[in-house]
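Subject: Structure handover

Hello,

Here is the structure I promised you. Please open it first, then read my notes below alongside it.

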Amino acid sequence: MTTTEHVSAADAFVSSYKEGAGIPGTGNTVTGAAMHRDLYRQSEDPAAVRKRDAGQARVLGLGFMVFFAILSCISFWINGALYPYVAVLSDLELPIEGVAYPAEDEPAEGAEEAQEGRLHEGAEFVVGYAPVDGREQSAAPTGVSLGKVVNDPDRELEADELAVHVSVNKDWTSRVIFPGNLAKEFPPTTLTYGSSENPEGFQLLVLPGRQHAWKNAKLMGFMPTRCLLYLGLVMGALGLIVPALLVPFYKVWMRYVTAPLGFVNTRIILGIVFFLVLTPMALIARVFGKDRLRRAPLPKGESYWVPREQQRDHRHFEKGF
Amino acid sequence: MSKPTYVLGVSAYYHDSAAALLRDGEIFAAAQEERFTRKKHDSRFPRNAVDYCLREAGITPADLGAVAFYDKPILKFERILQTYLGVAPKGIAQFVKAMPVWLREKLDTGSMIRKEFPGYKRKILFGEHHESHAASAFYPSPFDEAAVLTIDGVGEWATTTYGVGEGNKLELLGSINFPHSIGMLYSAFTYYTGFKVNSGEYKVMGLAPYGEPKYVDAILEHVCELREDGSFQLKMEHFDFLHGLRMTSKRFDAVFGGPPRESEGTLTQREMDLAASVQVVTEMAMLRMARFVREKTGKKNLCLAGGVALNCVANGKLLREKIFDKLWIQPAAGDAGGALGVALSVWHNYLQQPRTVPGDGRDLQRGSYLGPKPDVELAKAYFAKMNAPYREVAPEELPKEVAKILASENVVGLCQGRMEFGPRALGGRSIMGDARSQGMQKTMNLKIKYRESFRPFAPSVLAEDVSDWFEQETESPYMLLVADVLEKHRIPMTEEQKKLFGIEKLNVPRSSIPAVTHVDYSARIQTVHKDTNPLYHAIISAFKEETGCPVIVNTSFNVRGEPIVATAEDAYRCFMRTEMDYLVVENLILEKKAQPEFKDEGNWRDEFELD
């Protein structure tokens, strides 16, 4: 006959004396998860929990907004300034329909009439010029210049200015006037554009400037930057006004992103500390026979009692050690 | 009249959070957090306990003279790091589990505590763990001079410490340091016999009388070297707790013949023998330490604290060996008492305040009734809300009424007076029964505690009559000493009965107070004193008048697995969840039969872990 006794699980003692268990569900991590400065202040009251979650969701929403905004700015800048590195004239997407390509020196007849078919007044363009090597187009422009669209046909060119005619639909053209530095290199009369048929020339890439970046900027080559910015603004707005809607996102984010990241990061960091710092120290100490834990037996007649030296000054209470 | 100085001690973040408040050095209020949050061994910051203490004194944190924490976190952290240095490259699993909480929170315990006391501008003070235990053992004791011995699992470095207290001075003289620890040894055996560490130790103690101490030699030879002076060393090859997630190692299994018992597995004679053996080793160690301390300090009195001092069987043996003339044990011997200890330590050591003992042999802990009283008005409102009928009885009539009910073999829950501070119920939040009754033990086990336990219940006896019934002359108001039932009340067991096992053996009547007598005729006594708990004393006196017996069963007022009840509401819930017959809240009596059906929120049987 035996006595059965219902007992709870024989727990590993870690949570008992090593005091390392932390609060279940929030992740026991050095970095990342678990937002609360004092984990032990968690409230169980559902209203307080909701409020806390909403607060955290707000922070997350605003955080995403800021992050996406910064990311977008960087993307717009890159796309605006560096786009010449990638675009070729004929692949352009311009603010108006159609494709632009440099025109003859003379504007076409009646070009000033209709606004359609012209580039917007004041729109900025970047021109990059690069030598053409045989049939190949050089990868990087050797110079870049910024010019503005001037549709007024009476606007005279200054001596150091260069006008490039950009036309649409073969019927309408606009003039883009570039300031002096370009003109020094290329006297207007001899400006041509290079093509595969003209190996002696320069490839003139006339590209729209900053507005282009707005419409065409892409992150990682496929994701439209402005969508990201809009998403960020929406999240920020939700976070500010009605964070409760963001709470499900917050929970998913914590559970599937932050917690795993925290998990991995913690182990990496602690693993490095343990194996690359503590372990060598431990091995060296062992070599020298030092053991703070005094596991070696003492000879007979000696005592395992460790006498306390001087009594501490009563002010020791002010210290945590 | 100058304003009184308040010192608040806090224990938190490890196990058994609690708070204790001194007013001009006098123990004013103390409570454990688990009673308020209803979560056993709650280790969170004791918000509720602190609030209670402040409320009781009618003060705000700004009025506190000092706030003290019972432990030195940085020293503890150093020990933890040194442990890893001692075992690396083993121990990564533990390291990863332990470090995050330390790095993010525990190293900054000071600010975590400060945030809990808005308005308090002074320093946060830190006592040393064992010093806090020692202070909780000595300062409330009735002695002007005494030796002090504290034994627990581990504090910062020390696991066992002895010292001397004189007047208001407390000097610690020597320690045994981590990892060598009696508390750890006992916990290792707790783990090995399949119980839960930190809560199953007292089950091992209750299991011990069923076994033979067969393994004592094996323990002393392989696992724990014990020297004449009580100092000892654990042989760490047998333990995994330094680097692993188990307490014991495969070597340990080899010495004791097999793997640890699975929880929910069947208890066999092996577990009982192991329990008996580790109990014997613990007693041996304590006795040798006591002799050593007596010799070293020359003091006639001994004060005990620390988790191992909750081992009342060992305490009883220590008392009877008469190594010291008098013994005093802190009722809240575990970490909860650390809150009280650090407060006292700050008052006498840091603030250098004097100490005077009453001189009449009574201690300063006031029966350990230091918590909140049940609020009768709130109770009445709650009963009204629950449509629970009750009778209000004149206070003078109450003891007699309750005694009559008890004498009719009813099980009565009592919720009166200030709540006890410490793990035992002492007549403030107790379930009472007739100790003479044959069936009482079984009834209480099955219908109240919902368990088959190999432990009997414990008796409360009138202080004046204790030596008429037990081999005990001195007082034992906190149920920390075990003594045998006097021969004249025992009923010897027949040979067949002696061969019975476990519960069967326990169910054999062994004395005229069978409900509280263990298989070896021992009992864990509480002496009840008129001045510290007048109502409880009056009830038992009335019972004695009615029946001639001054002994009743006193078990803690809670369903299995939950902390002892605090408020009338908790008491009513427990009353309705069990098959208790009567509930007494101050002077209100409720009868079970008259109660409406109780809708329980949640399923407490799933919610609370098995006891």
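Predicted model: local features only at pLDDT ≥ 70, side-chain atom pairs only at ≥ 80, totals over all residues.

The axes of helix 15 (residues 398–407) of chain B and helix 20 (residues 534–547) of chain B come within 8 Å and cross at roughly 55 degrees. Axes here are lines fitted to C-alpha atoms, for helices over the stretch in contact, and angles run from 0 to 180 degrees between N-to-C directions. Helices (H or I, at least four residues) and strands (E, at least two) are DSSP runs, numbered from the N terminus.

Residues are numbered from 1 along each chain as its sequence is written, chains are lettered from A and ligands numbered from 1 in the order in which they are written, and side-chain values use heavy atoms, with hydrogens and water left out.

Back to the helix pair. Which residues of helix 15 of chain B meet helix 20 of chain B? Among them are L398(B), V402(B) and L406(B). On the helix 20 side, the residues include L535(B), I539(B) and F543(B). Contact means heavy atoms within 4.5 Å. By class, this contact has 11 nonpolar, one polar and four charged residues. Ala, Val, Leu, Ile, Met, Phe, Trp, Tyr, Cys and Pro count as nonpolar, Asp, Glu, Lys and Arg as charged, and the others, Gly among them, as polar.

Next, the sheets. Strands of a sheet pair through backbone hydrogen bonds, either parallel or antiparallel. Two strands count as paired if DSSP finds at least two bridges between them.

An open sheet of nine strands in chain B has mixed pairing and the order 13-21-20-14-15-19-16-18-17. Strand 13 (391–392) and strand 17 (481–484) of chain B are its edges; each has a single partner strand, so one side of each lacks a neighbour in the sheet. Strand 14 (residues 412–415) and strand 15 (residues 429–434) of chain B run antiparallel, joined by four bridges. V412(B) has M432(B) in strand 15 of chain B as its bridge partner. Helix 20 of chain B packs on this sheet, and its direction makes about 85 degrees with that of strand 16 (458–462) of chain B.

Another open sheet has six strands, in the order 10(A)-8(B)-7(B)-6(B)-11(B)-12(B), again with mixed pairing. Its edge strands are strand 10 (306–307) of chain A and strand 12 (326–329) of chain B. Strand 6 (residues 145–151) and strand 7 (residues 158–166) of chain B are antiparallel and share seven bridges. There, I151(B) has T160(B) as its bridge partner.

Is I182(B) buried or exposed? I182(B) is buried, with a relative accessible area of 1%. Buried means under 20% relative accessible area, exposed over 50%, partly exposed in between (1.4 Å probe, protein chains only). I182(B) lies in helix 7 (residues 182–192) of chain B. Residues that I182(B) touches include I151(B), F232(B) and M289(B).

Two last items. In helix 6 (residues 129–138) of chain B, 10 of the 10 residues are buried. Chain A has six helices and 10 strands, and buried residues make up 38% of its 321 residues.

Best wishes

Definitions and conventions. Lists of a residue's contacts leave out its neighbours within four places in sequence.
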